Amino acid sequence: SDLRVRISPPRARRRRRSGVPAPRTYVTVVSGAPRSGTSMMMRMLDRGGIQPLTDGVRAPDRDNPDGYFEFEPVKRTRDDPSWVLLAAGRAVKMVHLLLRDLPAGPEYRVVLMRRRLDEMVASQRRMHERLGRDTGTLSDERRVQIFGAQLDETERWLGARPGFSWL
């Protein structure tokens, strides 16, 4: 299927003495596990002046009434990272497990969301139940352990990776 993306130039930023906006050359990445608050952070960054790179494919719904702020090409970064060139000066949302697929070269500033894992897992389970999706056989407690280990490993990886700064 054809993916149509409307991309406008990043909004003006700080002004240099010459009156010309200073471009942001880094990519702001909002990351975390599902239901950790990444959409909320994207909305906050947008309102604070960092334009999100989104495609509007996933429409707002009951679980995220203000939108998901997703960009479908992110899911295929390992095979096609060309979208990263579009992201300089913008914010893009990416699940924590996909961060390792980002290509070397650009500077990345990552906001890693850490919500209480028991709340996050319960929110995800409720959303899946509401949508009629299979919630699987893992207990919430086991999911908390898995997500916790993944996020801890993501923090270690980010701390050792050149070109990445994070909070």
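1. Helix α3 first: its buried residues (buried meaning under 20% relative accessible area with a 1.4 Å probe, protein chains only) are Phe147, Gly148, Leu151, Thr154, Trp157 and Leu158. They pack against β3 (108–112), α2 and β4 (164–166), with contact taken as heavy atoms within 4.5 Å. Helices (H or I, at least four residues) and strands (E, at least two) are DSSP runs, numbered from the N terminus.

2. A word on the source: this is a predicted model, where local features need pLDDT of at least 70, side-chain atom pairs count only at pLDDT 80 or more, and totals for chains, interfaces and linings use all residues. Residues are numbered from 1 along each chain as its sequence is written, and side-chain values use heavy atoms, leaving out hydrogens and water.

3. Ser31 sits in strand β1 (residues 27–32). Ser31 counts as buried because its relative accessibility is 0%. A polar atom of its side chain lies 3.2 Å from the backbone nitrogen of His96. Beyond neighbours within four places in sequence, Ser31 is in contact with residues including Thr38, Met94, Val95, His96 and Leu99.

4. Now the largest pocket, lined by 28 residues, with Pro34, Thr38, Arg58, Glu70 and Lys93 nearest its centre. Here a pocket is an open set of points on a 1 Å grid over the protein atoms alone, where a 1.4 Å probe fits, with protein on both sides within 12 Å along at least five of seven lines; lining residues have an atom within 4 Å of a point.

5. Which element gives the largest share of that lining? That is α2, with four residues.

Technical notes
Buried means under 20% relative accessible area, exposed over 50%, partly exposed in between (1.4 Å probe, protein chains only). A polar contact is a pair of N or O atoms within 3.5 Å; within protein, one must be able to donate a hydrogen and the other to accept it, and residues adjacent in sequence count only if both atoms are side-chain atoms.
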